[in-house]
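Hi everyone, thanks for having me.

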Amino acid sequence: MVINISIMNKQQLAQKFLDAGLAGFWNEAAPHAKSSIRISLQPCEESELPLGKSKIGGLPDLPENTAWFTHDGKPLSFVAQLNFAETKPYDAEGKLPASGILYFFYDADQTSWGFDPADKGSAVTYYVPGDAEVKLVRQPAPAALEEHTIFKPAILDYAIEANVPDYWSGLLEGVKLDEEENDRYLDLKGEIYGEPANKLLGHSNNIQGAMELQCELVTNGLYCGNETGYKDPKRPFLEKNASQWQLLLQVDTNEACDMIWGDSGRLYFWIKEEDLQNRAFDRSWTVLQCY
């Protein structure tokens with residue numbers, strides 16, 4: 001049973017759009033509405049946290065004898081660990097496992113933006129099922145990991161929040177806002193989501209363009225750092241799969257953790273619906289966007 005802790009249900013979200021004079025946008029976006037788990041951060045000391053508790057930043061509590069994740073010989077930064085037993089009451093659509101821990105690591109140098117197939121391996125999502133009999137150990141950061149890429153820890157509070165696709169999502173390509181409507185939309189977006197905007201599931205809060213098609217093209221070997229991938233003959237065959245990509249985790253620039261992505265950007269971990277259902281978290285794809 002989902003507990004009744006919601007900061008924005010679908011009816012309340014609809015009223016926000018209607019009050020802003022954006023009924024046309026809402027009518028197009030409403031069929032794509034999803035439930036997300038909004039994440040709020042509370043800075044803490046690492047010593048205060050029991051092993052396996054959800055957190056953003058800090059040090060990972062990995063299964064014993066699990067090596068720190070690296071890419072091209074360099075250690076990745078630890079971004080977060082999510083204990084699904086904690087998130088289960090807020091998972092209104094039942095998309096996540098009921099237990100287990102999912103770990104997120106990312107390119108410490110932030111040179112990976114997710115538009116190049118060569119970025120594979122620069123981000124890691126590692127899942128330990130809840131029924132796995134493992135001993136957790138809080139891993140010290142590798143000596144080769146620069147201090148500014150080791151983030152301060154924060155524990156997580158959750159709330160259920162209704163989402164619709166961003167105006168710049170590939171799901172709403174038929175929606176056109178004039179200049180005045182666009183200004184009202186941006187004001188409303190800031191009012192609803194604020195910053196930092198950390199979340200599980202739902203729809204991404206885009207800083208730049210749509211990411212669903214980019215994820216599909218890049219994971220099929222097409223370079224999207226320019227128009228090359230988008231003009232490739234394979235695009236028409238792959239484009240129909242873009243809507244299968246689901247936001248898994250959105251991690252904002254969080255000053256409380258000394259966590260800054262690019263120029264006050266956001267890190268987005270994406271996964272296909274089928275892979276999410278099959279708990280194939282290692283098949284996720286990561287995109288960095290910034291202002």
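I'll start with the whole chain and then go through some spots in it.

Two quick notes before that. This is a predicted model, so local features need pLDDT of at least 70 and side-chain atom pairs count only at pLDDT 80 or more, while totals for chains, interfaces and linings use all residues. Residues are numbered from 1 along each chain as its sequence is written, and side-chain values use heavy atoms, with hydrogens and water left out.

OK, the overall view. The chain has seven helices and 15 strands. Those come from DSSP runs, numbered from the N terminus: helices are H or I with at least four residues, and strands are E with at least two. Its radius of gyration is 19 Å, close to the 19 Å that the globule rule gives for 291 residues, so the chain is as compact as a globular protein of that length. That radius is taken over C-alpha atoms, and the rule is 2.2 Å times the number of residues to the power 0.38. Along its principal axes, the C-alpha trace spans about 55 × 45 × 35 Å.

How much of the chain counts as buried? Of the 291 residues, 52% do. Buried here means under 20% relative accessible area, exposed means over 50%, and partly exposed is in between, with a 1.4 Å probe and protein chains only.

Trp-245 is found in strand β13, and its relative accessible area is 4%, so Trp-245 is buried. Phe-25 and Glu-181 are 156 residues apart in sequence, and their C-alpha atoms are 9.4 Å apart in space.

Now for the salt bridges. A search of the whole structure finds 20 of them, where a salt bridge is a side-chain nitrogen of Lys or Arg within 4 Å of a carboxyl oxygen of Asp or Glu.

Take Arg-38 and Glu-161, whose side chains meet in a salt bridge at 3.2 Å, N to O. This pair links distant parts of the chain: Arg-38 sits in strand β2 (residues 34-43) and Glu-161 in strand β11, 123 residues apart. Are these two buried or exposed? Arg-38 counts as buried at 10% relative accessibility, and Glu-161 is buried with a relative accessible area of 1%.

Here's another pair: Lys-152 and Asp-258 meet in a salt bridge at 3.4 Å, N to O. They also link distant parts of the chain, with Lys-152 in the loop between β10 (136-138) and β11, and Asp-258 in the loop between β13 and β14, 106 residues apart. Lys-152 is partly exposed, with a relative accessible area of 44%, and Asp-258 counts as partly exposed at 44% relative accessibility.

There's a network as well: salt bridges that share partners join Lys-34, Glu-93, Lys-95 and Glu-273. Inside that group, the closest N and O atoms of Glu-93 and Lys-95 are 3.5 Å apart. Glu-93 counts as partly exposed at 38% relative accessibility, whereas Lys-95 counts as buried at 17%.

Next, the backbone. Most residues other than glycine have a negative phi, and most peptide bonds are trans. Now look at Gln-110, with a positive phi of about 55°, in the loop between β8 (101-106) and β9 (123-128). Ser-264 also has a positive phi, near 55°, and its place is the loop between β13 (245-252) and β14 (266-272). And which two residues does a cis peptide bond join? Glu-195 and Pro-196, with omega about 0°; Pro-196 is in the loop between α4 and β12 (198-201).

Last stop, the surface. Asp-178, Glu-179, Asp-183 and Asp-187 gather in a patch of negative charge. Patches are made of residues with over 30% relative accessible area and no salt bridge, joining like charges within 9 Å and nonpolar side chains (Val, Leu, Ile, Met, Phe, Trp, Tyr) within 5 Å. Asp-178 lies in the loop between β11 (154-163) and α4 (179-193), and counts as partly exposed at 41% relative accessibility.

Notes. Areas by Shrake-Rupley, 256 points an atom, 1.4 Å probe, with all protein chains shown as cover. Lys, Arg positive; Asp, Glu negative; His and termini not counted. Charge placed at Lys NZ, Arg CZ, Asp CG, Glu CD.
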